[in-house]
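This report looks at how the parts of the model meet, first within one chain and then between the chains. A few backbone details follow at the end.

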Protein chains: 2
Amino acid sequence: MSDSRIDELCINTIRFLAVDAIQKANSGHPGAPLGATPMTYVLWDRFLKHNPEDPEWPDRDRFILSCGHASAMLYALLHLTGYDLSLDDIKQFRQWGSRTPGHPEYGIVPGLEVTTGPLGQGFANGVGMAIAERRLAASYNRPGHEIVNHYTYAIVSDGDLEEGISSEAASMAGNLRLGKLIYLYDDNGISIEGKTSITFTEDIARRFQSCGWQVIGPVNGFDIDAVESALREAQADSERPSLIICRTVIGYGSPNKAGKAAAHGEPLGEDEVQLTRKQLGWDNEEAFAVPPEALKHLRKARDRGRKQQDEWQQKLEAYRQAYPDAACQLEEDLSGELPEGWDSDLDGLFREETKPIATRSASGLVMNALAPRVRSLVGGSADLAPSTKTMLSEGGDYSAADYRARNLHFGIREHAMGAIASGMARHGGVIPYTATFLIFYDYMRPPVRLAAMMGLRVIYIFTHDSVGVGEDGPTHQPIEQLVGLRSVPNLVTIRPADATETAEAWKVALKRDNGPTALVLSRQNLPVLDRGKLAPASGVQRGGYILQDAEKPEVIIIGTGSEVAIALEAGELLQERGIRARIVSLPSWELFDAQPVEYRNTVLPESVKARISIEAGSPLGWERYVGDNGVIIGIPHFGSSAPGKVLYEKLGLTAQRVADEAANLLKGGEK
Amino acid sequence: MSDSRIDELCINTIRFLAVDAIQKANSGHPGAPLGATPMTYVLWDRFLKHNPEDPEWPDRDRFILSCGHASAMLYALLHLTGYDLSLDDIKQFRQWGSRTPGHPEYGIVPGLEVTTGPLGQGFANGVGMAIAERRLAASYNRPGHEIVNHYTYAIVSDGDLEEGISSEAASMAGNLRLGKLIYLYDDNGISIEGKTSITFTEDIARRFQSCGWQVIGPVNGFDIDAVESALREAQADSERPSLIICRTVIGYGSPNKAGKAAAHGEPLGEDEVQLTRKQLGWDNEEAFAVPPEALKHLRKARDRGRKQQDEWQQKLEAYRQAYPDAACQLEEDLSGELPEGWDSDLDGLFREETKPIATRSASGLVMNALAPRVRSLVGGSADLAPSTKTMLSEGGDYSAADYRARNLHFGIREHAMGAIASGMARHGGVIPYTATFLIFYDYMRPPVRLAAMMGLRVIYIFTHDSVGVGEDGPTHQPIEQLVGLRSVPNLVTIRPADATETAEAWKVALKRDNGPTALVLSRQNLPVLDRGKLAPASGVQRGGYILQDAEKPEVIIIGTGSEVAIALEAGELLQERGIRARIVSLPSWELFDAQPVEYRNTVLPESVKARISIEAGSPLGWERYVGDNGVIIGIPHFGSSAPGKVLYEKLGLTAQRVADEAANLLKGGEK
């Protein structure tokens with residue numbers, strides 16, 4: 001069979017596996033697979049360095065399907081090239097418990113880099129992967145030893161480019177000259193409401209050029225050789241990321257739906273599938289047909305991959321001989337394990353600290369104490385590093401001139417920052433952190449959610465965590481953001497009460513390797529709690545703990561973060577009134593809720609129904625801890641512009657109020 | 001005094017009012033006022049059509065300070081041009097209860113168009129205003145009667161342009177050829193982490209040209225005449241929005257901080273203020289000095305404004321004579337009042353409906369029933385209109401070719417969509433709605449928050465509201481989004497149970513003129529509740545109501561949206577078991593919580609402690625309604641890819657489970 005015949009056969013095999021899977025599920029997106037398969041095939045068949053037998057091989061090329069709705073195409077490719085994904089798996093497309101969910105899900109689909117679907121996310125994930133790759137390459141490669149050297153590819157769609165996150169990420173990729181980043185743009189001119197021209201008339205080439213990208217094309221996305229040449233051209237430019245504009249037709253081959261929005265998001269229908277088979281010259285009338293020649297050709301990926309990985313292993317061996325320490329470090333970084341004694345410099349970091357210190361500043365000290373041992377800690381802020389205190393003092397500034405540096409400058413681009421961090425985490429070899437004000441969590445909710453879904457170790461530092469922000473006013477004062485973080489499944493949120501709890505929070509975050517952690521930190525100074533008199537800060541590990549107790553407590557006061565000091569003060573006021581109060585620090589709901597019920601009952605015994613919570617944020621959800629008889633002190637409205645201390649007074653976040661409420665509760669008063 | 005002398009004097013007056021206010025508050029951002037005042041002064045002094053004595057005059061030009069941190073400059077301008085903002089107000093900058101908060105807040109500062117601060121939002125708000133202006137102009141202007149005709153101006157900063165939302169909004173503005181949109185870009189090359197070149201090296205001119213904008217400059221932002229010429233050039237192009245790139249220096253005039261990040265976000269310090277006075281030739285050593293010549297010159301804005309508005313009033317009078325009906329309609333639209341009988345076509349809309357219907361589809365029917373009377377209802381979807389069912393069938397497609405049309409195509413740009421809608425609402429004359437899947441609320445949280453803060457009537461339609469989405473899987477299945485909506489102060493969220501509740505929800509949303517409303521709608525079909533047997537749907541107005549009661553109920557089952565039908569079914573199962581259950585529909589927490597305690601106690605009496613809530617979303621916060629003894633049935637993790645009905649079974653969202661839990665509760669069983 002001629003080369004072009006085999007190409008066509010393979011392409012149609014992929015297309016119809018996708019189309020048939022969608023048809024069988026009676027749900028899915030056939031348009032993109034029919035249009036984007038040729039370009040994706042060229043990439044996988046002629047360029048992609050990967051080993052289906054070892055999907056996590058560290059020096060593989062990364063491939064991202066940013067338009068995740070084309071999942072069926074990817075599943076077909078994974079099956080045909082020999083990943084651990086069977087034809088039966090594909091037949092279970094979009095069904096309960098299957099390994100082929102509606103959108104590609106990391107952790108469920110073998111060989112998948114990242115979960116995609118929400119548009120624009122994959123685009124930015126790829127930038128994070130390329131950042132991580134360059135950092136490892138710059139840190140570990142030695143003359144004659146290119147031990148880290150791979151590309152990051154993605155298929156991106158109109159929707160990806162319309163979302164603002166792609167502009168943010170593209171700008172950063174161009175600035176950083178990430179030449180090993182190559183994106184194929186499936187330019188099909190159609191989105192759900194019709195022709196993209198109704199709303200999307202950008203000159204994409206100009207736009208990407210303005211951000212420092214090489215733009216290639218438009219090429220005919222169905223012309224195998226043209227796509228191949230374009231990919232070679234992209235690889236040849238090592239200084240600029242490349243966007244290859246591939247003109248395609250959505251739903252290509254479908255006589256009645258090609259080029260129409262109708263091809264996008266629903267099965268073609270049995271009749272149309274048959275017509276499409278005819279039009280594309282696909283003789284197999286039965287569904288899920290895999291011609292042996294196509295399988296044989298595509299399965300060569302296994303041999304190629306094995307060979308490529310073997311060669312790399314040999315290179316690694318030579319590297320290990322020449323640079324045993326570096327090799328050891330690289331492997332440790334890639335393993336994701338924390339090095340021996342990684343947290344030993346935290347011991348007693350704040351023991352001598354007697355002056356009040358903001359938890360953001362404490363966090364900065366913790367990070368800098370950790371950084372020398374935890375080499376893989378790499379991250380940055382969305383243009384707020386001086387305020388978030390997240391600069392690693394010896395880390396240098398990551399740029400095209402210094403890819404070894406550890407401080408990233410994300411610019412005022414929280415959304416891309418979040419998704420880039422996820423890409424870095426999934427690349428491996430780095431433990432990424434991000435930083436911004438808590439209020440701007442709102443700008444980066446989608447990537448935080450996806451990181452939680454993927455179970456990635458990303459550390460989000462959110463400072464300026466309440467009305468304590470002060471004069472900047474309600475636009476900058478978080479109210480509902482804390483409950484927002486708590487509402488995300490598999491995200492652990494920690495709001496430490498002081499410097500010592502901050503150190504513990506960092507330990508939790510770094511040890512947590514199956515999900516992201518948000519550290520919620522104060523702008524204002526907070527007293528360093530006297531651990532000689534109070535319970536140790538290690539209680540943070542359990543999410544909540546008795547900070548100060550009284551014999552047979554009558555009332556429990558629960559605080560988090562900056563309000564714990566207020567709770568302690570209220571305890572003193574109550575003691576003066578002869579009321580026995582227990583003070584509970586509850587920095588993390590998720591960690592606390594995960595404790596055995598016995599422990600939780602020890603901290604919050606059912607017998608003590610007089611409970612008060614105080615937190616400078618939305619009261620939503622605190623009923624869980626204070627119960628029917630409790631009182632929630634929070635802020636059920638937006639904040640206000642005034643000095644932080646004034647706001648605490650005016651909004652009733654005071655020890656006096658807590659004490660009064662407690663006394664009132666004990667008198668059986670109205671809540 | 002020469003013209004150029006008076007210009008300089010005015011500019012310095014503005015600058016030092018800002019600098020002094022910041023210094024007195026010991027908090028604020030002096031860098032932008034020092035750099036951006038000249039260009040802003042030119043705009044206000046020579047172009048801006050506004051009347052300080054009537055800030056809400058409908059045909060005024062709109063001015064947005066997208067970089068809201070430059071607030072002190074704006075307050076100085078408002079005071080000096082004669083708005084109801086005194087020098088004493090300015091001296092209270094950033095203090096509790098003042099009218100000059102840290103960032104510009106609509107509703108607090110007189111003469112302010114929109115609340116700004118979170119970067120990029122103001123940029124997109126302006127696009128919304130320009131959209132509304134063109135719509136009203138196209139709808140109401142008649143030959144010889146240009147009754148609607150004004151510009152929308154904004155000052156935008158590096159940060160605004162780095163945020164992805166500005167790319168989204170710029171693309172849409174270019175596509176729509178909003179020629180009356182003119183933005184001045186304060187290009188000062190500095191952001192908080194240092195020179196913008198560390199992360200922001202875009203060719204801004206190219207980028208905006210790629211989106212169909214006219215780009216003017218760079219001009220010297222301190223050259224009054226150059227800025228004036230640029231503004232004239234911008235006005236001359238009626239086909240394209242214009243971006244004027246003004247090169248400026250942050251903190252201009254400050255000998256030690258000009259051109260440095262240090263000038264951005266903290267007071268200059270007393271000494272540096274004095275040095276700056278010297279450098280800028282400002283002789284007034286005392287703070288808050290207003291030279292009489294400067295005041296006299298700037299206060300001319302009042303006479304100009306009065307005259308401009310008078311002329312417009314005369315035009316309006318002539319228009320009213322020539323086109324009395326149109327004038328009447330225009331005034332009604334501008335008033336924001338709903339027309340007589342606006343909801344009369346909703347009566348009995350679903351009375352004959354017996355087949356199950358998705359609430360998204362019901363909403364589409366409601367919108368189309370409302371549209372003929374509620375002429376000002378204008379909006380659209382982020383490329384999901386066929387799925388969100390939000391097309392107004394007679395509305396046409398809003399485009400440069402038809403500005404009268406009512407259906408906007410926002411593209412896959414949820415973030416800009418939200419902010420554009422806010423700009424439309426603040427412009428007036430239109431009641432905007434947006435639409436997307438509930439999961440993509442995450443992409444538009446910042447503008448929803450700001451709309452709530454501003455108290456704007458925007459209607460957010462969020463469909464595909466739960467795991468009922470089905471096969472698309474966890475990336476598309478909302479879990480924590482509903483509690484997210486509920487957590488935003490002053491946002492009303494309604495999740496109707498069926499078509500009849502959907503109609504009521506729309507009534508609430510339209511009548512609510514002091515804040516936004518989110519309508520949360522199902523993808524899947526839901527039975528239309530038999531209102532002959534059940535309580536009327538008007539209960540929605542109170543947020544929660546007894547849908548079906550039993551004599552002396554032993555257990556209360558509370559549901560929302562698609563789970564109400566399950567609750568009713570559970571009630572039947574319980575009846576068979578001889579258990580008396582009350583079924584409560586609770587479509588809106590906010591509306592219910594706002595009811596008098598007596599009403600709430602009627603619906604959820606303290607005496608019935610056996611309560612079960614069922615909602616296909618995060619359980620967070622339901623303790624408020626079920627209490628210490630209740631059971632919350634929800635989804636405390638991410639969803640899964642499978643048919644929706646399968647998911648409901650697998651995740652335990654079934655009548656059987658509700659009934660079992662109820663029976664168990666009554667037996668005094670473990671929760």
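In chain A the domain assignment gives domain 1 (3-304), domain 2 (347-520) and domain 3 (543-666), the bounds being those of an automatic or database domain assignment. This is a predicted model, in which local features need pLDDT of at least 70 and side-chain atom pairs count only at pLDDT 80 or more, while totals for chains, interfaces and linings use all residues. Residues are numbered from 1 along each chain as its sequence is written, chains are lettered from A and ligands numbered from 1 in the order in which they are written, and side-chain values use heavy atoms, with hydrogens and water left out.

**Domain 2 against domain 3 in chain A**

The C-alpha centres of domain 2 and domain 3 of chain A lie 26 Å apart, and their contact (heavy atoms within 4.5 Å) takes 24 residues from domain 2 and 31 residues from domain 3. Between them these two domains bury about 2100 Å², of which 57% is on carbon and sulfur atoms; buried area here is the accessible area (1.4 Å probe) that two parts lose on being put together, summed over both. On the side of domain 2, A:Ile479, A:Arg486 and A:Arg495 lose the most area to domain 3, together 33% of what that side buries.

A:Arg495 also takes part in a salt bridge with A:Glu563, at 2.7 Å from N to O, where the rule asks for a side-chain nitrogen of Lys or Arg within 4 Å of a carboxyl oxygen of Asp or Glu. Helices (H or I, at least four residues) and strands (E, at least two) are DSSP runs, numbered from the N terminus.

**Chain B against chain A**

The contact between the chains takes 95 residues from chain B and 95 residues from chain A, and the area buried there is about 8100 Å², of which carbon and sulfur atoms give 54%. In chain B, B:Trp96, B:Glu193 and B:Arg449 lose the most area to chain A, together 10% of what that side buries. Helix H16 (residues 445-454) of chain B supplies the largest share of the side that touches chain A, 6 residues.

| Interface | Salt bridges |
|---|---|
| Chain B and chain A | 6 salt bridges |
| Domain 2 and domain 3 of chain A | 2 salt bridges |

Chain B can be laid on chain A with an RMSD of 0.0 Å by a turn of 180° and a shift of 0.0 Å along the axis, the superposition being by least squares on the C-alpha atoms of residues with pLDDT of at least 70 in both. The two copies are therefore related as by a two-fold rotation axis. Because 100% of the interface residues of chain B are also interface residues in chain A, the copies meet through the same surface.

**Backbone details**

Most residues other than glycine have a negative phi, and most peptide bonds are trans. The bond from A:Gly217 to A:Pro218, however, is cis, with omega near 10°, and A:Pro218 lies in strand S6 (residues 214-220) of chain A. In chain B, a cis peptide bond joins B:Gly217 and B:Pro218, with omega about 10°. A:Phe288, although not a glycine, has a positive phi of about 60°, and A:Phe288 lies in the loop between helix H10 (270-279) and helix H11 (292-322) of chain A.
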